[in-house]
Amino acid sequence: MTEEHSDVRHGDVRLREVVDDDLLVLHAYENDPEAVRRSKFTPRPLDAFLKHWRERILRDPDSLVRTVTVDGEVAGSVVSWTAKDGRRFVGYWLGRPYWARGVGTRALGLFLELERVRPLYADPFSGNTASVRLLEKHGFQHVGTDRDGDDVFAVLALRNPPAQGR
């Protein structure tokens, strides 16, 4: 199948509020061994994952969080938050069945229409070239790196203000 034919049509990708039933699917995506390898993120056991999402992410009035769906099925999530240093960050996670199909591009584009804070930062593992390219496609620019042990994370920032009237 060519890349052109494997892309999801833009109308198929939606963002919606997170509901509790989404969390088990999101947990399974977080524990996918290839996703862990690419992100350098240590997955949480189910109880810790549910507690983190229910108590920290979903209850934090500062967080903007959405479930990504494709044809009504949970494909992943996108979230933004303010870090302790005051910078606003965005992060996303898609299940492997939705990789390399245009879902991330469309979902992040929709999310950036909702998340109006600029600058907006992201810090993917530098070896996750697909994630870095996704951010660059949306106008994020490299502004530095962070380290966690031997792992290097690219720090990117989206500085341009969102278009008016959208």
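I count a residue as buried when its relative accessible area is under 20%, as exposed when over 50%, and as partly exposed in between (1.4 Å probe, protein chains only). By that rule, 44% of the 166 residues of the chain are buried.

**Basis.** I worked on a predicted model, in which local features need pLDDT of at least 70 and side-chain atom pairs count only at pLDDT 80 or more, while totals for chains, interfaces and linings use all residues. I number residues from 1 along each chain as its sequence is written, and side-chain values use heavy atoms, with hydrogens and water left out.

**Whole chain.** I took helices (H or I, at least four residues) and strands (E, at least two) as DSSP runs, numbered from the N terminus. I find six helices and seven strands, in the order α-β-α-α-α-β-β-β-α-β-α-β-β along the sequence. I looked up the radius of gyration, taken over C-alpha atoms; the globule rule is 2.2 Å times the number of residues to the power 0.38. The chain has 15 Å, which agrees with the value near 15 Å for a compact globule of 166 residues. The C-alpha trace spans about 40 × 35 × 35 Å along its principal axes.

I define contact as heavy atoms within 4.5 Å. Among contacts between residues at least 6 apart in sequence, 58% join residues at least 24 apart.

**Helix 2.** Which residues of helix 2 (residues 22–30) are buried? I list Asp 22, Leu 23, Leu 26, His 27, Tyr 29 and Glu 30. They lie on the same side of helix 2, because they cover an arc of only 160° around the axis; the arc is that of the directions from the helix axis to the C-beta atoms. I note that an α-helix has 3.6 residues a turn, so residues three or four places apart point the same way. The cover over the buried residues of helix 2 includes helix 3 (33–39), helix 4 (46–57) and strands 1 (13–16), 2 (64–70), 3 (73–82) and 4 (88–94).

**Leu 46.** I place Leu 46 in helix 4. Its relative accessibility is 33%, so Leu 46 counts as partly exposed. Beyond its neighbours within four places in sequence, Leu 46 is in contact with Leu 24 and His 27.

**Ser 63.** I find Ser 63 in the loop between helix 4 and strand 2. Is Ser 63 buried or exposed? Ser 63 is buried, at a relative accessible area of 16%. Neighbours within four places aside, its contacts are Ile 57, Val 79, Ser 80, Trp 81 and Arg 88. Ser 80 is 17 residues from Ser 63 in sequence, with 5.5 Å between their C-alpha atoms.
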